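Here's a quick briefing to read alongside the coordinates. Have a look at the model first, then come back for the notes.

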Amino acid sequence: MAKTYKIAVIAGDGTGPEVVREGVKVLNVAAAKGGFKLDLVNFDFGGARYLKTGEALPDSASAEMKKFDAIYLGAIGHPDVKPGILEKGILLRLRFELDQYINLRPVHLYPGVETPLKDKGPKDIDYVVVRENSGDVYTGVGGIMMKGTPHEVAVQNMIYSRAQVDRCLRWAFNYTRKCGKKARGVGPDNTLALVGKTNVLTYVFDLWERAFHEMGQKDFPDIKREYYHVDATCMWMVKSPEWFDVIVTANLFGDIITDLAAITQGGLGIAAGGNLNPEGVSMFEPMGGSAPKYTGKNVINPLAAICAGMMMLEHVGEEKAARAIEKAVMDVTGTKLKSLAAGRMGYSTTEVGDLVAERV
Ligand code: IPM
Ligand code: MN
């Protein structure tokens, strides 16, 4: 009997459903070719549901999600909902409750895609960011006192436990061993770079740095270790992206540098990420938001959602099907699309989905 994967689909808001539709189209073709099945179940979480019910996420949601092999997410965000509510109430809540402690962000410039980096091509922009996804200022520990008075005080703490740091580093080292530049045959070493701020955040990144080198020395002597401050990282990501192989960093720095990375690989039309719980249920999403102004126009680029689907297949173990999708996407960017920008691709959302699906 064909292997069946149970996938929870949260199409979400705005253009989310449009891009997810194309992603599902491609996933189904990949499944048929690869001899496995996808059992997709839709969930209506998002801004529209929140406005109707006053509830961002039902309390049963994460227990429900745990019954699935993976979650496929479109976009969350609604122009009529105050910023923060849906992000915290849906996206971050799922990440936390499902303990998706790794945020994986491949940064790869595909053929034909325009990058704002002068004289850089697909060989130069080819690295991965492993962002810790459960700690840091995202834990929400802190508070405000004397709000609205001149003496108002706000505190938001950067928090990391050794266990949290260790589990992230171990995953990153193992990932580097398996998918680093040497392992992929595109470089002389498998290199893991820790990105931090040891010169100022002398507690949190002292912990990270010690944990990094202790673990590397003991368990991963075959992996080259580097360290960069986060501010310098931003410069090198622009000037010499070819230096990087796998980067591991804390939650907030990871959030920031992965947006910078995304624009160097062509922007939100193509960038995808995975929120991983290596021992549990993981969630895959395009990096872009719900883009309300393009909603329903069939002009938004579905490639980021398609790439999120590709990452999902890779994660559940359908490596071959994932590579087939990636190859198809590269052919479409390399030979078809005029641009990755919404409305300027030379094709509609549906047509881009068709182009990729045909090639898979
Ligand atoms: C991301 C997003 C989220 C984050 C927001 C929407 C809460 O920016 O996935 O990078 O900050 O993690
Ligand atoms: Mn972000």
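This is a predicted model: local features need pLDDT of at least 70, side-chain atom pairs count only at pLDDT 80 or more; totals for chains, interfaces and linings use all residues.

**Overall build**

- You're looking at 11 helices and 12 strands; these are DSSP runs numbered from the N terminus, with helices being H or I of at least four residues and strands E of at least two.
- The radius of gyration is 20 Å, which agrees with the value near 21 Å that a compact globule of 360 residues would have; it is taken over C-alpha atoms, and the globule rule is 2.2 Å times the number of residues to the power 0.38.
- Along the principal axes, the C-alpha trace spans about 55 × 50 × 45 Å.
- Of the 360 residues, 51% count as buried (buried is under 20% relative accessible area, exposed over 50%, partly exposed in between, with a 1.4 Å probe and protein chains only).
- Take the contacts between residues at least 6 apart in sequence: 76% of them join residues at least 24 apart, a contact being heavy atoms within 4.5 Å.

**Around valine 24 and leucine 40**

- Valine 24 counts as buried because its relative accessibility is 17%.
- Leaving out residues up to four places away in sequence, valine 24 touches Leu40 and Tyr72.
- Leucine 40 lies in strand β2 (residues 36–43) and, at 29% relative accessibility, counts as partly exposed.

**Aromatic pairs**

- A search of the whole structure turns up 12 aromatic pairs; rings of Phe, Tyr and Trp (its six-membered ring) pair if their centres lie within 6.5 Å, and planes under 30 degrees apart count as stacked, over 60 as edge-to-face and the rest as tilted.
- Tyrosine 127 and phenylalanine 244 make a tilted pair, 5.6 Å centre to centre with 50 degrees between the planes.
- That pair links distant parts of the chain, 117 residues apart: tyrosine 127 is in strand β5 (residues 126–132), and phenylalanine 244 is in the loop between α7 (230–239) and β10 (246–249).
- Tyrosine 127 is buried at 1% relative accessibility, and phenylalanine 244 is buried with a relative accessible area of 1%.
- Elsewhere, ring pairs link Tyr160, Phe205, Trp208 and Phe253 into a cluster.

**Helix α11**

- Which residues of helix α11 (residues 349–359) are buried? They are Thr349, Val352, Gly353, Leu355, Val356 and Ala357.
- Their cover includes α1 (16–34), α9 (303–316) and α10 (319–335).

**Positive phi angles**

- Most residues other than glycine have a negative phi, so here are two to check by eye.
- Aspartate 119 has phi near 60 degrees; it is found in the loop between β4 (102–108) and β5 and is exposed, with a relative accessible area of 69%.
- Asparagine 298 also has phi near 60 degrees; it lies in the loop between β12 (282–286) and α9 and is partly exposed at 25%.

Note on methods. Residues are numbered from 1 along each chain as its sequence is written. Chains are lettered from A and ligands numbered from 1 in the order in which they are written. Side-chain values use heavy atoms; hydrogens and water are left out.
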